[in-house]
Amino acid sequence: MALTGLQIQKLLPKTNCKECGVNTCLAFAMKLAARKAAIADCPYASEEAIRVLAKAYEPPVRGVRLGPDGALRLGEETVLYRHEKTFVNQTLLAVNVDDDAPAAEIDATLAAVKEYRIERVGETIAIDMVAVTHSGGSVEAFVETAGKAWRATGKALVLRSADPGALRRAAEAVKGSRSVLASATPETADELVGAARDNGHVLALTAPDLDRLASAAGSIRDGGFTDLVLQFETHSPAERFQANTIVRRAAIKTSCKPLGFPFLRFIDSSDLVAGTLEAITEITKFGGICVLPGFDAAQIAALITLRLNVFTDPQKPIQVEPRIYPIGEPDADSPVFLTTNFSLTYFIVGGEIENSGLNAWLVVPECEGMSVLTAWAAGKLTGATVAKFCKEAGLEDKVNHRRIIIPGYVAQISGDLEESLPGWSVLVGPQEASDLESFIKARLR
Ligand code: SF4
């Protein structure tokens with residue numbers, strides 16, 4: 001349960017030394033209670049205070065780290081709906097290889113996973129993980145394929161086998177990758193907790209129903225092992241949707257600790273549409289790791305795009321760095337356009353200019369990630385702010401001419417901008433980026 005400021009203050013040294021940046025321990029305690037500071041900011045906090053606060057503020061869905069450097073994060077969620085706050089860690093996408101597939105097929109899939117990159121709103125996105133399924137009879141083949149996947153991609157793995165002995169051997173072979181062992185049952189949990197713990201991996205746990213899953217997860221948790229993900233035994237997309245919702249609701253609304261772990265889902269359908277729909281359910285309904293049955297670039301691109309939409313923090317607009325961007329290969333005679341640093345606006349405007357075949361400079365001042373009209377209404381895109389940015393960014397050194405094209409939606413700043421940028425003339429462009437190409441043809445060719 002969350003602590004009040006006064007309860008937290010009792011745990012602090014009460015010396016009011018100010019090293020945490022506030023005047024008193026009580027003020028710091030109030031900030032901690034409001035989650036606007038971290039206990040690490042007080043260099044004199046006792047171990048007891050750190051332990052109590054960590055427990056009090058543990059998120060209802062436990063955080064799990066994956067990958068050799070622990071950079072892949074799962075869990076840490078605190079809300080059921082994104083509009084309540086934000087979702088913290090996105091669903092990880094993994095691509096499966098079967099250990100009994102032809103070697104050339106396995107190699108091709110691993111190479112495709114390793115090389116896959118997609119650009120979305122300025123971000124380069126790769127596939128997160130590889131799954132290796134023990135689908136043949138040979139333990140050796142499973143262990144060998146796991147090792148090969150790890151060496152070929154350097155990515156965390158999901159190792160899937162019904163044989164605990166094979167899982168232990170594969171876990172040892174990829175020690176250091178911080179992968180997932182899938183899956184322990186209530187009967188094999190003790191043995192596989194040992195294999196996960198000994199080799200620094202995470203354990204997936206499954207059971208025939210949610211009661212038995214909660215009971216087994218609770219026992220493992222009480223035993224001190226918390227690097228867990230939950231795998232549900234479900235038999236239809238509807239059942240899966242229900243299970244994800246029930247379990248996440250139990251974790252967040254009723255603080256059910258045994259169910260407060262991220263989820264793992266294998267999509268086994270060979271039907272591309274059905275499999276994609278199942279993956280969409282995972283991404284939109286609290287999925288942790290979603291294992292796709294194979295590599296399909298089109299499917300992965302669609303899922304990554306969906307994931308970006310679900311996991312982008314609605315309170316933080318995606319922004320590009322404020323600067324003067326070259327579009328194509330502009331020179332000193334190339335025209336100069338203005339827009340804001342809201343990623344979507346920047347990429348649409350930049351894309352339209354690029355599509356027109358024009359080489360140009362795109363001036364993108366700091367507008368806190370707002371779109372053109374919003375930035376203007378908030379006073380972030382005025383003649384004075386644009387002029388100041390142009391001067392500081394050295395626009396006059398980049399071009400010989402003195403003309404800037406501004407978005408039609410902020411035609412009203414043209415006078416102010418000409419006054420603030422002496423010697424410059426302002427040309428008002430179209431309101432919509434989609435009209436840029438025809439504007440360029442009519443006015444700049
Ligand atoms: S650094 Fe710690 S001891 Fe010093 S004022 Fe802040 S909370 Fe109190």
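User: Where do helices α9 and α10 stand relative to each other?
Analyst: The axes of α9 (residues 237-253) and α10 (residues 272-284) come within 10 Å and cross at roughly 10°. Axes are lines fitted to C-alpha atoms over the stretch in contact, with angles from 0 to 180 degrees between N-to-C directions. Helices are DSSP runs of H or I, at least four residues, and strands are runs of E, at least two, numbered from the N terminus. This is a predicted model: local features need pLDDT of at least 70, side-chain atom pairs count only at pLDDT 80 or more, and totals for chains, interfaces and linings use all residues. Residues are numbered from 1 along each chain as its sequence is written.

User: Why is α9 called roughly parallel to α10?
Analyst: Angles under 35 degrees count as roughly parallel, over 145 as roughly antiparallel, 65 to 115 as roughly perpendicular, and the rest as oblique. The α9 and α10 axes cross at roughly 10°, so α9 is roughly parallel to α10.

User: What makes the contact of α9 with α10?
Analyst: Pro237, Arg240 and Phe241 of α9 meet Leu277, Glu278 and Thr281 of α10. Contact requires C-beta atoms, placed from the backbone, within 7 Å. The residues divide into three nonpolar, one polar and two charged. Ala, Val, Leu, Ile, Met, Phe, Trp, Tyr, Cys and Pro count as nonpolar, Asp, Glu, Lys and Arg as charged, and the others, Gly among them, as polar.

User: Why are α12 and α17 called oblique?
Analyst: The axes of α12 (residues 343-356) and α17 (residues 436-443) come within 8 Å and cross at roughly 45°. The two helices are therefore oblique to each other. The contact is made by Val349, Glu352, Ile353, Asn355 and Ser356 of α12 and Leu436, Glu437 and Ile440 of α17. These divide into four nonpolar, two polar and two charged.

User: What places a residue around the ligand, and which residues are there?
Analyst: The C-beta atom, placed from the backbone, must lie within 6 Å of the molecule. The shell comprises Leu12, Pro13, Thr15, Asn16, Cys17, Lys18, Glu19, Cys20, Cys25, Phe28, Cys42 and Tyr44. Eight are nonpolar, two polar and two charged.

User: Which residues does the cis peptide bond join?
Analyst: Ala182 and Ser183, with omega about -5°. Ser183 belongs to strand β8 (residues 180-184).

How values were computed:
Contact = placed C-beta atoms within 7 Å.
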